[in-house]
Amino acid sequence: MRLLLAAPLLVLWLAASAWADDRDYGPDWQVCIYAVPSELPDRLEACNRMISGGNLPTPDLARAFSNRGKVYHLLGARQKAFEDYSRAQLLDPKRVKPYFNLGMLYQEDGHYVEALEQFDKALALDPRLEDLQCRRGVVLKELHRFDEATAAFEQAVQIFPAEACSIGYLIEIYAFADRFSDALAMVDRAIRANGQGTAQLYGFRAQVHEKMRQFELALEDLNRAVTLDPNYYNTVRTRGRMLTKLKRYDEALVDLNRAVALAPEFNDAYQWRGDLELRNGAYHQAFDDFRRCLSLQRDNSVCKVLGMQAAFLTGDFAAAAQLADSLPPKFFGNAPLHSGLAKFARGDLAAAEAAVKTYTKMMPDDPYGWLWLTIIQRRLGKDAPPELKDIAMRHDVWPMPILRHMLGSASAETVLAAADVPDADIRKQRTAEANYYLGELAAMAGDEVKSKVYMKESVAIGYAEIDPLNFIPVHKDNDAVEVGLAAATLRGGL
Amino acid sequence: MAAPAMAVPRYFDDCVAAESTIFLRIESCTFSLQADGLDDKQRVQVLLNRAKGYAARFWPKQALDDLAEAKRLAPDDLEVTAAQADLSHFIGGREDIAIADYKEILQKKGDDPETLVKLAVAYLVRKQDDLARQSFEKALDLDPDNVEALTWYSTILTRDKQYDRALAELERAVAADPNDITTRSYRGQALLYAGAFDRGIEDLNIALKAHPDDTQFRLRGMAEYLTGKFSLADEDFLHNLNISPTYASLAAWRFFIALRRGSDGGAELQRIVDSLAGRWPAPLLKVVLGQTTADDALVAAASTPYPELRQIYQSQAHAVLGEWLLLKGDKAGAAIHFEASRDIGLLTAVAEVETGRSVIPADTLVEFTLARARLRELEQ
């Protein structure tokens, strides 16, 4: 009975203690500590007044310094932030936030050892501080201490099963180690802990299934995610991408249109919609979307590469050349070849020959360079490059049959049969390419009728792209140049 | 009428042909699995060939999956076991699987030097030196001139501080194959520890000419410093200093060279101290600039939280402080520091924990060479 009476008193005392920790010193305190609706400069002023007022007890002065440090941090005044966090630590060594915040400051500057030291101190004070273990894990990862990083992320999800930051990293770690069942178990636990789950958590589940290449299951997760939050941009966009992967283009377009409407300022919705349009034969729309993507993020190399392909397919060879030239050859080895081919497409054979010749010196193992050099030189009335024979003799993959056909050692039928491989995407790409090259060679031989038949077939097959996750290495993963040039030839532009 | 013989599979031949490029091998093996009617024996061949292609492309997961399937189909096929072991060992980082597989091969085929050396190296990676030693010794019993075994074995002997024995094994290895660059490099180091600087420099000249990206220039630099070839030493130290701040302690040796030539290297040393922004070895370099004490430098060396790096920094500090005292004529004080550096011995640690992003390992090769040489001189 006495215990029952004591319970409400205990609650009152605990509430009072909490209140004691949350003293209110008026409007400046509210603005400085709780950031009640205010702009950063107002917060800074409020913190300044609280600090210079001289009447705060030490622990609260520490809070004021810590919060002013945060404001400086957000304003980019890093040295001042550093000083305030350090002052806060000195004044109240048992307050966790200044260590956490200083750790973040160090982390952002790439000083990972120092960041870890701060996070470790914060951890000793409060192992349950949200985001702390994830930040710590990221720093450990940067320091290449991968086992400890994994342990940090795992501890975070032990405490907060639905903590997104750590779940995101753990999915990558588990997937790399083929621990898909662990990844799924973790996400399922997070969903259970969250009641019915959130769109983000089902998005994570879809991410695991996608890594397992179980695209249908990934789509099911994304359907649930979109049902839970139809306006969550990430899942709507990802479902659009997944539907594209599954070649359900009409449904994909609905989602990607919606994603664009939800976040017109994000470049990736345009990127994925452009990708879908490319695969679906809507080349002009694709080109427009890649242009929008690049207007939002000028250096997005995926949009540059895909935009260049769309430019070839739409016959905008000036844009194709411009995009090819903007790609760093260090990372996009065949960009100079595309630049040369755009010149070829615009009729500047001499410039095309020079560019492709340079390319064959840079990338002598790429048979497409030699194939194109041969075509351009034939158009210029020259003999095929002497290297062609040796290259064509190599026991290598496509486009070797075309090179052999050029040398007279393989018939057109052999070329088309060689393109007819079991993989549907590769078959499509190679057959489109075979038809273009056979058409080009037929035209050179004066057979315009035959040439047109081949070219039409190439255009009818259309754009095809090989998924790198098939783990079948190829010399070129799409047929945009060939289909684009076939279409231009039929239009009479070449 | 008899049924016609089954057509020769289209892709199988390209898959198993030795002259196929890696691209063609992977593609034709994949298509062969998808389209050709293969029996189990052919399927194993295809999986084995594709796995080798994947390994060459550095796709270890795909390679391991293929080998696991091949092993399931042909559990007793030693070629599959050997491929699985090699892949686990050289690419997959699964030394446990590699060791089990190499042991299985040895058990079924009997001892052969090649497998014994691979097994020994796998043990070495797992830091099981005793088992590694046994395997190397077995391999050398069967093939006393096995260069790989001799070279690797010498690393265990060096770790055990049996420097003379290590050098003897490396002499045998170089005699067996004078063109093996790794062995030359290892013997070059062993010769320096033994104080045979001119021969050591000769070996390192050959090794560094073959591998100009190596970071052993500083080691040759120290041999040159110790034999009075200061210009060459200065050049070699500078080469490493330009690679990474991990080698910043070499700035002290360039300062000493300047001092021995009667010039002043203080400004250059100060520039390096400033660029280190307080990080190691700034406290050590400040000692020779007269800006702090030897004790402060030793405390700074000891204050890094990572034990292996701590010892490396301490070795650097003792070597530099010893040389500094020697230059000032304090032979007794110098000897104490050289002894401390020598006693720390040969260590390697990854400096990335300290530098944050660098992955260049730090070691005590230079300091150990110097300390042993100086102590030999002082004893005389």
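**A buried glutamate and the nonpolar cores**

A:Glu440 counts as buried because its relative accessibility is 2%, buried meaning under 20% relative accessible area, exposed over 50% and partly exposed in between (1.4 Å probe, protein chains only). The model is predicted, so local features need pLDDT of at least 70 and side-chain atom pairs count only at pLDDT 80 or more, whereas totals for chains, interfaces and linings use all residues. Residues are numbered from 1 along each chain as its sequence is written, chains are lettered from A in the order in which they are written, and side-chain values use heavy atoms, without hydrogens and water.

A:Glu440 is part of helix H26 (residues 424–444) of chain A; helices are DSSP runs of H or I with at least four residues, numbered from the N terminus. Contacts of A:Glu440 (heavy atoms within 4.5 Å) are made with A:Phe344, A:Ile375, A:Arg379 and A:Met455, leaving aside residues up to four places away in sequence.

The largest nonpolar core holds 75 residues, of which A:Leu278, A:Phe344 and A:Trp372 touch the most other members. Such a core is a set of buried Ala, Val, Leu, Ile, Met, Phe, Trp, Tyr and Cys residues joined through side-chain atoms within 4.5 Å. Helix H18 (residues 301–314) of chain A gives the most to this core, 8 residues. A second, separate core has 57 residues, including B:Leu192 and B:Trp253.

Mean pLDDT (the predictor's confidence in each residue, from 0 to 100) is 92 for chain A. Residues 1–20 of chain A stay under 50, with 0 contacts beyond four places in sequence. Where pLDDT is low, the predicted coordinates should not be read in detail.

Key. Helix = DSSP H or I, 4+ residues; strand = E, 2+ residues; numbered from the N terminus.
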